[in-house]
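Welcome to the tour! Open your viewer, switch to a cartoon view, and follow along stop by stop.

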Amino acid sequence: MKNRPLSPHIQIYKWHISSLVSISHRITGIINFFAITLICIWFAFMLLGESEYQTIKIFLESFLGKFILIGITWSFSFQMLSEIRHLIMDLGYGFELQTTKITGLLVIFGSIFLTIVVYIFGRGVI
Amino acid sequence: MVQLSLPKNSEIKKGKYFKDKTGSKNLRKVNIYRWDPSTDEGPRIDTYEVDMDNCPSKVLDILNKIKNEIDSTITYRRSCAHGVCGSCAMNMGGKNGLACTTPHAEIDGDIDIYPLPHLKVKKDLIGDLDGLYKQYQSIEPWLKNNSTKETTEIYQSKEDRAKLDGAYECIMCACCSTSCPSYWWNGDKYLGPAVLLQAYRWIIDSRDEERKARLKKVADELKLYRCHTILNCTNACPKGLNPAKAIAEIKKMLATANV
């Protein structure tokens with residue numbers, strides 16, 4: 001048999017809300033893996049005493065540190081909401097096309113909303 | 001391992017450009033994936049300018065028009081032209097569907113037509129579905145009932161019959177399976193939405209006596225649980241069926257039943 005080519009797949013396939021949420025679920029899962037490591041390091045510095053803790057505090061208060069912290073908050077929020085969506089699906093509900101779109105959008109916007117809420121409460125704005 | 005890029009022999013080049021000869025003002029560009037097994041060249045995209053004033057509403061009509069009037073060498077499968085046979089399944093505008101039921105008005109911009117994704121191409125728009133048919137065979141898609149004689153009628157209540165709705169209508173066009181990223185990367189082991197929907201159809205048939213054996217057969221990390229509810233399948237199905245839900249139901253049965 002001739003060396004048959006493989007037809008294009010991910011290069012041409014159109015994205016939609018459910019596939020975007022699904023891939024983001026995986027990506028945020030990986031981010032969270034590293035995020036937990038960072039949180040452990042943060043705790044370790046806390047145990048080492050005040051002067052060591054200052055080092056990580058300065059880092060976390062820098063622009064990059066803030067970006068990472070807000071990013072982690074979003075990634076945890078997203079993972080949590082998406083996981084709830086998966087749990088509902090595992091029970092056999094929410095498979096109608098319209099419903100999957102709505103729950104997908106809820107996950108996307110809900111994660112942004114939760115990030116803002118955490119930020120507002122954490123900063124003591126309210 | 002997940003391979004995101006295409007292998008060397010599958011890289012797509014720009015092909016020929018067929019300029020409009022009718023002088024029509026209502027033109028659309030149609031990009032079609034071409035590969036000819038009789039040459040040593042790789043796949044290419046040919047572009048056709050099609051006169052839309054004299055073209056019926058579906059993507060299959062465009063293909064027929066090109067084949068009849070512009071370039072008779074393009075190759076594609078089609079038969080019934082009414083969404084019943086499932087022959088003309090292909091990827092149009094980035095989404096799988098039947099060319100005969102997909103209106104070209106629904107596709108924005110240039111119309112891109114590719115074979116079903118992640119298949120070995122036989123020629124132009126025809127992908128090799130042998131692997132999928134073998135998997136279909138493996139679930140033994142026929143009624144298994146040993147306690148009744150072949151000549152006896154097996155009764156089924158209206159409620160039990162209703163359970164088959166949404167499963168028996170499948171025409172095995174492979175739009176769903178070839179839209180599934182899990183099937184792209186694990187298609188040799190993962191059964192894919194089309195075959196799992198059929199497995200479900202026989203598992204829930206009240207007349208079938210091999211329910212447990214059927215469940216046991218699909219209860220496999222790779223055969224079934226590679227479904228991660230990406231839902232490309234349900235989005236792609238031209239018959240409006242829901243393979244993702246059927247797979248979820250099988251998972252649920254396995255979680256609750258003592259198999």
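Helices (H or I, at least four residues) and strands (E, at least two) are DSSP runs, numbered from the N terminus. This is a predicted model, in which local features need pLDDT of at least 70 and side-chain atom pairs count only at pLDDT 80 or more, while totals for chains, interfaces and linings use all residues. Residues are numbered from 1 along each chain as its sequence is written, and chains are lettered from A and ligands numbered from 1 in the order in which they are written.

**Stop 1: a loop in chain B**

Select B:Met172, which sits in the loop between helix H3 (158-162) and H4 of chain B. Its phi is positive, about 55 degrees, although B:Met172 is not a glycine. For comparison, most residues other than glycine have a negative phi. Is B:Met172 buried or exposed, or partly exposed? A residue is buried if 20 or more other C-beta atoms lie within 10 Å of its own, exposed if 12 or fewer, and partly exposed in between, with C-beta atoms placed from the backbone. B:Met172 is partly exposed because 19 other C-beta atoms lie within 10 Å.

Now select B:Asp124, in the loop between E7 and strand E8 (126-127) of chain B. Here too phi is positive in a residue other than glycine, near 40 degrees. B:Asp124 has 23 C-beta neighbours inside 10 Å, so B:Asp124 counts as buried.

**Stop 2: the sheet of chain B**

Next, colour the strands of chain B. Two strands pair if DSSP finds at least two bridges between them. In what order do the strands of the open sheet of 6 strands come? The order is E1-E3-E2-E6-E4-E5 (chain B), and the pairing is mixed. At the edges you will find strand E1 (13-18) and E5 of chain B, each pairing on one side only. Direction ignored, neighbouring strands of this sheet are turned by 30 degrees against each other on average.

Zoom in on strand E2 (residues 27-34) of chain B, which pairs with strand E3 (residues 44-51) of chain B in the antiparallel sense over 8 bridges. Across this pair, B:Val30 stands opposite B:Tyr48 in E3(B). E2(B) is also joined to E6(B) by 3 bridges, and these two strands run parallel. There, B:Ile32 stands opposite B:Ile113 in E6(B). Follow on to strand E4 (residues 89-92) of chain B, which pairs with E6(B) in the antiparallel sense over 2 bridges. Look for B:Asn91, whose bridge partner in E6(B) is B:Tyr114.

Then show helix H1 (residues 59-70) of chain B, which lies across E1, E2, E3, E4 and E6 of chain B and runs at about 90 degrees to E3(B). Axes are lines fitted to C-alpha atoms, for helices over the stretch in contact, and angles run from 0 to 180 degrees between N-to-C directions.

**Stop 3: two domains**

Colour chain B by domain: the assignment gives domain 1 (8-127) and domain 2 (130-256). Such bounds come from an automatic or database domain assignment. The C-alpha centres of the two domains of chain B lie 31 Å apart. Their contact takes 14 residues from domain 1 and 11 residues from domain 2 of chain B. Two residues are in contact if their C-beta atoms, placed from the backbone, lie within 7 Å. Strand E5 (residues 95-98) of chain B gives the most to the domain 1 side, with 4 residues.

**Stop 4: where the chains meet**

Show both chains: 42 residues of chain B are in contact with 24 residues of chain A. Which helix supplies the largest share of the side of chain B that touches chain A? That share, 6 residues, comes from H8(B).

From chain A, select A:Thr100 in helix H4 (residues 97-123). A:Thr100 counts as buried because it has 23 C-beta neighbours inside 10 Å. Not counting residues up to four places away in sequence, A:Thr100 touches A:Ser18, A:Gly94, A:Phe95 and B:Leu231.

**Stop 5: a helix pair in chain A**

Finally, select helix H1 (residues 17-48) and helix H2 (residues 50-61) of chain A, whose axes come within 6 Å and cross at roughly 150 degrees. That makes H1(A) roughly antiparallel to H2(A). (Angles under 35 degrees count as roughly parallel, over 145 as roughly antiparallel, 65 to 115 as roughly perpendicular and the rest as oblique.) Show the side chains in this contact, including A:Trp42 and A:Phe45 of H1(A) and A:Tyr53 and A:Ile56 of H2(A).
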